[in-house]
Amino acid sequence: MSLEVMQVGLSLWVIRPHITWGIEFEVGQRALLAELLEQFAIRHYVCWYYTPMALGFSNHLKPEATVYDCMDELSGFLNPPPMLGVREQQLFAAADVVFTGGISLFEAKQKQHHNVHAFPSSIEIEHFAQAKSEQIALPADQKDIAHPRAGFYGVIDERFDVALLAEIALMRPHIHFIMLGPVVKIDPAALPEAANIHYLGSKSYGELPGYLAGWDAALMPFALNDATRFISPTKTPEYLAAGKTVVSTPIRDVVRGYGDAGLVAIADSAEKFVTALDLALEPQTESWHKAVVQKLGESSWDSTWAAMRDEIDRVRSKSVPLLPSTYERDIAKDHQSELSASHALTPVLATLRIDGLNSRAELYASSRTHRHKQQYDYLVVGAGFAGSVLAERIASQLGKRVLIVDKRDHIGGNAYDFKNADGILVHQYGPHIFHTNSDAVVSYLSQFTSWRPYEHRVLASVDGHLVPVPINLDTINTLYGLSLDAAGMQAFLDERVVASPFIQTSEQIVMSRVGRELYEKFFRNYTRKQWGLDPSQLDASVAGRIPVRLDRDDRYFTDTFQAMPLKGYTRMFERMLDHSKITIRTGTSYEEALRLCPDAKVIYTGPIDEYFGFRYGPLPYRSLEFKHETHDVEIYQAAPVVNYPNEHKYTRVTEFKYLTGQQHKKTSIVYEYPQSMGDPYYPIPRPENALLYARYRELAEQDGNVHFCGRLANYKYLNMDQVVAQALATYRRIAKQESVAFAPLEAASNLTAAGELEAIAQSV
């Protein structure tokens with residue numbers, strides 16, 4: 001067995017495996033793939049699959065990301081491999097992102113994976129536009145064929161309508177039909193023979209413009225069968241770029257992409273096909289030519305690859321920097337001479353394009369061609385709000401190299417959102433509603449996102465009614481069948497409140513505001529579910545931030561700024577961390593990261609008790625279990641969130657489309673089940689827990705090499721804006737320690753904004 005290595009571009013290698021006869025195919029492929037990785041010293045790579053069958057020899061690999069580039073519905077082809085269906089399900093399970101070669105294929109696959117993107121056929125316009133040049137060389141085997149000519153190039157297999165070709169050739173004997181391409185999986189003897197049908201065999205990509213130059217029209221006579229149900233022919237824009245009119249059978253993606261726009265003639269019978277062909281041989285209008293140019297301008301391979309690369313960068317689970325650093329670009333330049341010696345190459349990031357049907361693997365090595373061991377100035381533990389803000393500030397303002405790690409397989413912390421299998425944007429860890437009174441926080445985050453105005457509203461299911469929360473005038477009037485005004489509601493509450501001389505618990509503070517009856521209806525059972533404790537056992541701060549309103553204001557928050565990131569939280573975090581001096585590693589523990597950069601300064605945003613090895617025992621938290629569902633209705637419930645204080649084991653149900661503003665025929669919801677075990681979400685505010693935290697805080701203050709920041713590091717529930725403000729304030733202190741002059745934020749470069757951040761930070 002051997003590997004045939006061919007360098008066909010500056011950073012493109014084609015690897016053709018040669019398997020010794022008698023060796024089981026997948027065993028041989030696997031052995032040669034291992035040899036390839038060793039020979040090229042490939043350590044960081046992306047696996048790119050065109051066929052699920054390639055999993056048989058590559059499912060042991062540990063790539064930074066796995067791409068399933070689904071170009072066709074292979075199960076619809078003639079004689080598909082028996083294991084194809086099983087392997088595709090395995091590939092869906094392994095893939096981080098799925099690309100489809102057309103819209104119809106996207107519609108068929110989008111329910112099978114949570115991250116599917118359609119990339120219809122693109123075009124190298126300049127290459128095919130050569131067909132319009134009078135200087136182009138005309139191929140010898142076509143030059144003596146009479147005009148008019150109508151041509152087709154591509155694989156001639158079960159997707160090709162041989163009967164249609166025979167009919168139209170018979171109906172138009174004066175038109176000569178040029179067929180280019182190999183005959184595969186069908187009997188060549190089944191092809192129609194006629195004086196005006198010419199089979200010229202396979203041609204290279206480079207030869208195609210020469211043949212196109214001699215055609216008067218182009219054809220796509222595809223059969224309508226399982227093999228063509230989802231195809232999106234690349235040749236459609238290629239024919240148009242060559243200046244040729246096109247006649248096609250009604251392939252769905254051709255109809256939707258080109259036929260409905262009047263760029264391609266569509267015909268569903270032989271009679272209609274030849275009629276359309278007659279018109280296609282006539283000169284076309286100027287408006288048609290302009291429309292073609294406009295359409296093709298949307299379809300370059302460069303733009304398609306850029307969009308694909310963005311999606312891959314988002315899911316790389318063990319990522320190198322999202323953009324090459326200046327340091328790495330300098331190294332690549334220094335070692336440019338090594339690029340010509342393929343066997344001396346040590347790629348930083350490679351893409352293994354794995355195509356088992358053609359028995360070959362193609363290796364794409366990036367231009368970052370030599371990996372030096374990197375040193376980092378700062379190690380940031382945790383890629384949520386606190387860690388991401390600090391990583392961004394330190395990299396962009398101080399010019400320091402930052403490694404940010406998270407033990408989860410994504411960035412964004414609990415604010416992480418993603419599109420589920422139905423394409424609906426959901427929050428993995430329950431609803432995250434952004435609201436703040438801080439102009440400085442808004443100004444900072446607005447560098448990385450646009451905003452969708454959103455005011456949050458919550459209903460509670462009480463006594464068979466859905467009523468507003470916080471309690472307001474409508475809540476009281478609906479529950480009690482009254483018609484009170486503000487003064488009447490105040491009198492109603494005054495009659496019921498239970499005053500306490502010293503308010504210490506959540507029970508006392510709620511009853512001092514609304515009385516026992518409303519406390520029982522809204523708060524007691526909800527609190528028991530949420531915290532696993534009675535309100536009489538919880539600090540007053542738990543319920544202290546819940547207001548009571550004497551008007552009809554049903555907004556859950558009253559902050560001056562209430563909005564959601566326009567494209568979601570994850571996209572905002574991606575932009576925040578997209579810096580040449582930031583390296584992201586997800587699925588990585590603090591201990592693993594520390595081995596990578598033992599000399600780096602540490603910023604720790606995880607649980608403070610865990611950092612110190614639970615020296616004094618674990619700090620108590622409440623956790624949550626999330627049950628996500630998608631329903632085949634546009635709207636599921638009457639509000640973004642519905643609380644269930646007295647029924648069910650779950651506390652609330654969130655419907656995400658209210659939050660995101662997404663338009664979709666389906667909707668997704670999440671149920672929240674509080675529990676004692678699991679990820680730490682809510683610090684439990686009890687006096688003994690505060691004392692335990694104080695002991696850990698004392699240890700933290702003695703450790704001058706580590707900065708602690710964020711909710712878990714401070715054992716305190718914080719809103720998102722509070723975490724951002726605390727992180728920005730922490731950055732200011734770090735910058736002063738670095739003894740540099742800095743302008744951390746245009747909106748915070750004055751004393752007022754800086755003082756505002758410090759005040760927010762101190763308040764939490």
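Guide: A salt bridge here is a side-chain nitrogen of Lys or Arg within 4 Å of a carboxyl oxygen of Asp or Glu. Keep that in mind, and note that this is a predicted model.

Visitor: Okay. How many salt bridges does the structure hold?

Guide: It holds 37 salt bridges.

Visitor: Pick one. What does D141 pair with?

Guide: D141 forms a salt bridge with K203. Their closest N and O atoms are 2.8 Å apart.

Visitor: Where do those two sit in the chain?

Guide: D141 is in helix α6, residues 140–143. K203 is in the loop between β9 and α8.

Visitor: Is D141 buried, exposed or partly exposed?

Guide: D141 is partly exposed, because its relative accessibility is 33%. K203 is partly exposed too, with a relative accessible area of 24%.

Visitor: What about K185? Which residue does it bridge to?

Guide: K185 pairs with E158, with the closest N and O atoms 3.2 Å apart.

Visitor: What is the phi of K185?

Guide: Phi of K185 is near 65 degrees. That is a positive value in a residue other than glycine.

Visitor: Where is Y715, and what is its phi?

Guide: Y715 is in the loop between α26 and α27. Its phi is near 45 degrees, again positive. Y715 is buried, with a relative accessible area of 9%.

Visitor: Back to bridges. What does K601 meet?

Guide: The side chain of K601 meets that of E738, 3.1 Å from N to O. K601 is in strand β25, residues 601–604. E738 is in the loop between α27 and α28. They are 137 residues apart.

Visitor: Buried or exposed, that pair?

Guide: K601 is partly exposed at 42% relative accessibility, while E738 is buried at 16%.

Visitor: New topic. Which peptide bonds are cis?

Guide: Two to look at. The bond from H147 to P148 is cis, with omega near 0 degrees. P148 lies in the loop between α6 and β7. A cis bond also joins V469 and P470, with omega about 0 degrees. P470 sits in the loop between β22 and α17.

Visitor: What does α17 pack against?

Guide: Helix α17, residues 473–480, packs with helix α19, residues 506–531. Their axes are 13 Å apart, at an angle of about 95 degrees. The two helices are therefore roughly perpendicular to each other.

Visitor: Which residues make that contact?

Guide: From α17, they are T475, I476, L479 and Y480. From α19, they are E517, L518, K521 and F522.

Visitor: Now V405. Where is it, and is it buried or exposed?

Guide: V405 is in strand β16, residues 402–406. At 1% relative accessibility, V405 is buried.

Visitor: What does V405 touch?

Guide: Leaving out residues up to four places away in sequence, V405 touches L379, V380, V381, G382, A383, R585, T588 and A593. V405 and E592 are 9.3 Å apart, C-alpha to C-alpha, and 187 residues apart in sequence.

Visitor: Last, the whole protein. How many helices and strands?

Guide: It has 28 helices and 31 strands. Of its 764 residues, 54% count as buried. The protein exposes about 34,100 Å², and carbon and sulfur atoms supply 52% of that.

Visitor: What share of the contacts with a separation of 6 or more comes from residues 24 or more positions apart?

Guide: They account for 70%.

How values were computed:
Residues are numbered from 1 along each chain as its sequence is written. This is a predicted model: local features need pLDDT of at least 70, side-chain atom pairs count only at pLDDT 80 or more; totals for chains, interfaces and linings use all residues. Side-chain values use heavy atoms; hydrogens and water are left out. Axes are lines fitted to C-alpha atoms, for helices over the stretch in contact, and angles run from 0 to 180 degrees between N-to-C directions. Helices (H or I, at least four residues) and strands (E, at least two) are DSSP runs, numbered from the N terminus. Angles under 35 degrees count as roughly parallel, over 145 as roughly antiparallel, 65 to 115 as roughly perpendicular and the rest as oblique. Contact means heavy atoms within 4.5 Å. Buried means under 20% relative accessible area, exposed over 50%, partly exposed in between (1.4 Å probe, protein chains only). Accessible areas come from the Shrake-Rupley method with a 1.4 Å probe; for residues, only the protein chains shown count as cover.
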